[in-house]
Structures are given as C-alpha cells and as structure tokens.
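Here is a short tour for a reader meeting this structure for the first time. Take a look at it, then read on.

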Amino acid sequence: MKSTSSLSLIAGTVALAAVTGFAVLTAPGDGETAKAATAARLPVERSTLLCPAPGLSELSETTYTSFTPAGDGAGEAGTAELTPTATSELTDDEGEGDKKDDKSDKKDEKGKKKDDKEAGAGKPVVSLKEPGKPAVAEESGADTPALVGTATGRLAPGWSAQQTTMVEAGEGRGLLGVSCTVPDTDFWFPAVSTAKSRQDYVHLTNPDDTAAVADIELYGPEGSLKSEVGEGITVPARSSVPVLISTLTSEAVDDVTAHVTTRTGRLGAAVRAADDKTGSDWLAASTTPTGTLVMPGIPEDATSVHLVAFAPGDDDADLKVKLLGKTGAITPAGNDGLHVKSQMTASLDLKDLTKGEPGSLLLAPEKGGKGTPVVAALRVVRGSGDKQEVGYIPATAPVGARATVADNRSEGSVLSLTAPGADATVKVTASAGSGGGEKVIKKYTVKGSTTLGVVPPVPSGLKGGYALTVETESGGPVHAARTLTIMQGGIKMFTVQTLPDDGGTVEVPEAVQDLSVLRD
C-alpha cells in the first residue's frame with residue numbers, strides 16, 4: 001500500500017513549486033509511481049523584489065508604489081513590505097549629493113540625514129495592506145537607500161513595485177523610473193556606455209543573508225573590453241553596491257553591452273544612465289537572449305531613436321528591423337537590417353522614425369526561423385537643444401497572462417500595446433487609487449503587426465496614484481509599455497516601463513492517486 005510519506009512528497013513538491021516557482025517530483029522507489037495528470041497553475045505564495053538606490057542628488061524626490069492585483073491569492077492575508085538595505089553606500093563620485101561640500105552646515109545636515117536613515121534600516125518604507133489598492137510612500141535626498149522586500153499570502157501573486165524619481169535640475173536631472181526587479185543570476189544591458197559624456201552605474205542589490213559575488217563583462221563594437229576589476233565584486237548581505245561602469249575599463253566607447261552574472265548568490269541589477277546633455281534614466285535588463293525581440297512604446301514625438309544589439313553566442317545574427325506603427329509594419333528608410341557579429345555590440349541610428357505616431361521596434365531573423373539569440377535596447381530622446389530628455393526601452397517578454405505597472409498619475413500616462421503576430425484582445429484594469437477611487441476596466445483589440453497607443457483608463461474619483469494591469473484575453477502575444485511624462489521647466493521629462501508577465505502563477509504537477517488504498 002502507498003505510504004503517507006509518498007503523499008507528503010507530492011504535497012511538498014506542489015507547495016515548493018508554489019513558493020519558489022520550481023520543483024521536481026521523483027517517484028517512490030517501491031515500484032509504484034504517482035500518476036501525473038494535466039499540469040495545473042497555482043498562485044505563488046512568496047515573491048521577492050529589489051529596488052535600486054536612487055542616490056542622485058539632494059534635489060531628488062522619489063515615489064515608491066507597491067501593488068498586488070486582486071483575485072489570485074488564497075489562504076492567509078500575508079504581508080508585502082519594502083525595507084531599506086542595511087548598507088547602501090554610494091561611491092564618493094556618484095551624483096551631486098555625494099560631492100564634497102565646503103560648507104560645514106551642509107555636511108552636518110547630510111551626516112545627520114544619513115544617520116537617521118541608517119538607524120531606520122529594517123523599518124518598512126512602504127507596506128501594502130490589501131490586493132487591488134496600491135500603497136505609496138515618498139523619500140527625498142541623495143542618501144535614499146536601496147530597498148528589498150518580500151510578499152507572502154494573498155499579496156504575493158503578481159506583486160509589483162515601481163520607483164519613480166524626479167530630479168528637477170543638475171547633472172542627474174530627469175524623470176527616472178524603474179520597476180523593482182526579481183533577484184536573478186544573469187542580466188544583459190545593451191546601450192550602456194563608457195564615453196566621457198556618460199555616467200552609467202550598475203546597481204547590484206543583494207536580498208539574502210549571505211554575501212553574493214558578481215562579475216561584470218563589457219563588450220563594445222570590436223568585442224570584449226579589457227577589464228580585471230569587473231571580476232569578483234562582493235555585494236554584502238542585504239546590501240546594494242553601485243559600480244561606475246567606466247571605471248571597469250580604460251576604453252571610452254559610446255555603445256557597450258554589459259553582462260552581469262553571479263558566481264555565488266543572487267542579485268537585482270539595474271543601470272542608472274546619465275548623459276551630460278540629455279539627463280538620466282534607468283535602464284532595465286533586456287529579456288533573455290532570443291531570435292525575435294520587441295521593444296514597445298517609442299513615443300510619437302521621439303527626436304532620436306538609437307538601437308543597440310548584442311549576440312552573446314558563437315554565431316552572427318542577421319536581423320530585419322521593422323517599426324510596428326498604428327496601421328502596420330514598415331521598414332525604416334535606409335535601415336532595413338542589422339548585422340550583429342558574435343560577441344560584438346552593434347548599433348543603428350534610427351533618428352526620428354516614429355514621425356508623429358507611437359510605435360514599437362521589432363527585430364526578427366532575416367531568413368525566418370528561430371534565428372540567432374540576441375539582446376537589445378533602445379536609447380530614446382525627446383526634445384531638442386537644451387530641452388532634451390532621455391529614456392530607455394529594453395527588449396521585453398510578452399504580457400503573457402498578466403502584467404502590471406504600479407505608478408500612474410491622473411494624467412501623463414500613455415499605454416502602448418503591440419501585437420507582433422496575430423490580432424489580440426487585452427483587458428486593462430485601472431486599480432483603485434492609493435487614496436481613494438473605484439477601479440475601471442476597459443478592453444482593447446490590437447491588430448497584428450501594429451502598435452496601439454492609448455491614454456489608459458483612470459479610476460473614477462481617483463485620489464493618489466494607481467496601478468495599470470494588462471491581461472491577455474485572446475489571440476497572439478502582446479508586448480506592452482507605459483510612458484509617464486511630466487513637464488518640468490519646459491522639458492518633457494519621461495520614463496518608459498515595459499510590462500512582462502508578472503509570474504503570479506506557477507505550473508505544478510497535479511498529483512493523482514487512488515487514496516482508497518489507505519483505508520483500513
């Protein structure tokens with residue numbers, strides 16, 4: 001007869017998958033096997049997110065928004081809190097707020113502020129209380145630390161958080177937005193730079209109680225950039241370390257791909273890119289290397305679009321370049337293809353290719369099929385002269401079952417929905433507001449090979465901020481991005497966040513057994 005230990009093994013495997021997203025079920029060795037039926041999807045029971053340190057300037061104002069969609073979780077209410085890292089020191093030359101100041105009163109004020117924040121390490125910055133309604137918190141100054149957090153119970157499935165920072169003036173000026181990331185061991189960042197006009201920092205954040213060790217490799221148009229200091233970077237437990245990319249090599253290169261991997265442990269990684277003329281924004285990691293890539297959400301008034309791609313394997317990649325616009329796919333004039341040599345960074349200046357209509361960029365194999373795996377990102381500029389502002393759009397995975405962008409305001413948001421293949425229908429939910437208001441739901445149909453740019457729905461009676469959740473209802477895959485724009489000093493400051501699947505559910509084996517054999 002089957003033992004209760006066999007049942008415990010199966011139940012434990014299902015629980016492990018729900019918590020971690022991965023589990024392996026091995027049959028008992030007594031000759032009897034647990035029959036696997038159709039796979040089932042269960043809500044995850046635990047989620048982890050990491051937000052990098054804003055660390056720009058004493059003028060910076062950062063908003064954190066935490067949100068879990070309603071409906072998936074079961075069981076206990078759970079918690080979802082983002083807390084400061086124990087140590088989040090910025091290097092001496094990072095940002096305005098870290099420059100030496102000759103005035104002693106400013107030094108004293110800054111030192112007191114830093115002490116206060118370190119004393120508050122472990123105290124939640126933002127705590128989410130219920131699914132379906134975002135929680136918002138605000139921090140200011142250059143010493144704002146990185147955050148780590150875990151969600152459990154009904155708050156775990158689809159938990160998302162966004163960090164949005166406004167710096168009105170100075171070297172790091174801009175609207176900087178980033179979705180807080182899930183810890184991982186491998187990240188690709190096309191479109192970074194070691195040029196003298198750029199100050200690009202990769203922020204490494206460790207959520208765990210043991211140190212992590214990371215390597216950073218850099219690749220330019222001629223291949224690997226010589227670097228020894230990018231190896232064996234230690235990130236202490238529950239800490240964040242910013243690394244100035246240009247210090248990793250003596251070569252000044254405009255277009256670089258950075259590859260972050262861990263030898264031990266896991267990390268969150270994001271790049272804060274700053275340019276002397278166009279300001280700054282966060283660059284999130286590109287999706288996993290694949291043969292076909294989509295970069296959604298190029299603003300209709302983009303004055304410069306610069307593509308950077310990299311082929312990490314042993315084969316070159318020949319790619320078709322298509323702009324998916326309002327009415328269909330077009331080939332940018334004079335830029336119909338891109339040849340990417342193995343382990344070399346390639347780039348393409350697409351200028352103002354959207355020309356008044358929002359669009360998305362599609363990279364596909366020249367000869368069809370799966371093609372050579374690549375990673376890619378766009379550097380997008382709006383405005384001209386001293387009114388320029390930069391943003392970054394990495395290649396992203398589809399929305400899948402569901403995806404969320406947490407920080408939206410009463411105005412300034414544009415949602416871009418792109419269907420690179422077949423027609424598709426999506427449901428968009430504007431959540432209740434953080435301070436009040438009722439959710440609103442609207443459905444959109446996206447024609448194949450097009451981009452639909454819409455002003456998203458806003459909760460009725462909105463007070464505070466709100467979240468946008470996109471769910472695929474039918475048809476082919478949809479890629480999505482949200483652009484947030486705030487006018488400041490005559491500049492259209494903006495940031496673009498992509499919406500990949502939130503991973504709120506995980507596939508687990510549905511164990512089937514004849515429980516009657518356990519009867520006496």
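Buried means under 20% relative accessible area, and exposed means over 50%, with partly exposed in between. By that rule both Asp200 and Arg198 are buried. They also form a salt bridge, with the closest N and O atoms 2.7 Å apart. Keep in mind that this is a predicted model.

**Overall build**

The chain has 2 helices and 40 strands. Of its 520 residues, 52% count as buried. Take the contacts between residues at least 6 apart in sequence: 82% of them join residues at least 24 apart.

**The cores**

In soluble globular proteins, nonpolar side chains tend to be buried together. Here the largest nonpolar core holds 30 residues. Phe189, Val192, Val202, Leu204, Ile216, Leu218 and Leu283 touch the most other members. Several strands give two or more residues to this core, among them β11 (186–192), β12 (198–205), β13 (212–220) and β17 (256–264). β27 (375–382) and β28 (389–394) also belong to that list. A second, separate core has 29 residues, including Val305, Ala309, Val321 and Ala376.

What does Val192 touch, leaving aside its neighbours within four places in sequence? Its contacts include Arg198 and Asp200, the salt-bridged pair above. Ile245, Val256, Ala258, Val271 and Leu283 are also among its contacts.

**Aromatic rings**

A pair of aromatic rings is described by the distance of the centres and the angle of the planes. The count here comes to 3 aromatic pairs. The rings of Phe187 and Phe189 have centres 6.4 Å apart and planes at 15°, so this pair is stacked. Phe187 and Phe189 are both buried. Ring pairs also link Trp188, Tyr219 and Phe310 into a cluster.

**Salt bridges**

Side chains of opposite charge can pair when their charged atoms come close. The structure holds 14 salt bridges.

Asp502 and Arg402 link distant parts of the chain, 100 residues apart. Asp502 is in the loop between β38 (491–498) and β39 (505–508). Arg402 is in the loop between β28 and β29 (403–408). Arg402 has a relative accessible area of 8%, so it is buried.

Asp407 is buried, with a relative accessible area of 2%. Arg409 is partly exposed at 26%. Elsewhere, salt bridges that share partners join Asp301, Arg382 and Lys492 into one network.

**Loops worth a look**

Gln388 is in the loop between β27 and β28. A polar atom of its side chain lies 3.0 Å from the backbone oxygen of Gly385. Beyond residues up to four places away in sequence, Gln388 touches Arg173, Lys277, Thr278, Val381, Arg382, Gly383 and Ile491. The C-alpha atoms of Gln388 and Ser304 are separated by 10.0 Å, and the two residues are 84 residues apart along the chain.

Ser286 lies in the loop between β19 (279–283) and β20 (293–298). Its relative accessibility is 10%, so Ser286 counts as buried. A polar atom of its side chain lies 3.4 Å from the backbone nitrogen of Ala376. Ala376 is a member of the second core. Other residues that Ser286 touches include Trp188, Pro190 and Pro394.

Lys355 sits in the loop between β25 (345–351) and β26 (359–365). It is exposed, with a relative accessible area of 63%. Ser449 is another, with phi near 65°. Ser449 is found in the loop between β33 (440–446) and β34 (450–454). At 26% relative accessibility, Ser449 counts as partly exposed.

Terms used:
Residues are numbered from 1 along each chain as its sequence is written. This is a predicted model: local features need pLDDT of at least 70, side-chain atom pairs count only at pLDDT 80 or more; totals for chains, interfaces and linings use all residues. Side-chain values use heavy atoms; hydrogens and water are left out. A nonpolar core is a set of buried Ala, Val, Leu, Ile, Met, Phe, Trp, Tyr and Cys residues joined through side-chain atoms within 4.5 Å. Buried means under 20% relative accessible area, exposed over 50%, partly exposed in between (1.4 Å probe, protein chains only). Helices (H or I, at least four residues) and strands (E, at least two) are DSSP runs, numbered from the N terminus. Contact means heavy atoms within 4.5 Å. Rings of Phe, Tyr and Trp (its six-membered ring) pair if their centres lie within 6.5 Å; planes under 30 degrees apart count as stacked, over 60 as edge-to-face and the rest as tilted. A polar contact is a pair of N or O atoms within 3.5 Å; within protein, one must be able to donate a hydrogen and the other to accept it, and residues adjacent in sequence count only if both atoms are side-chain atoms. A salt bridge is a side-chain nitrogen of Lys or Arg within 4 Å of a carboxyl oxygen of Asp or Glu.
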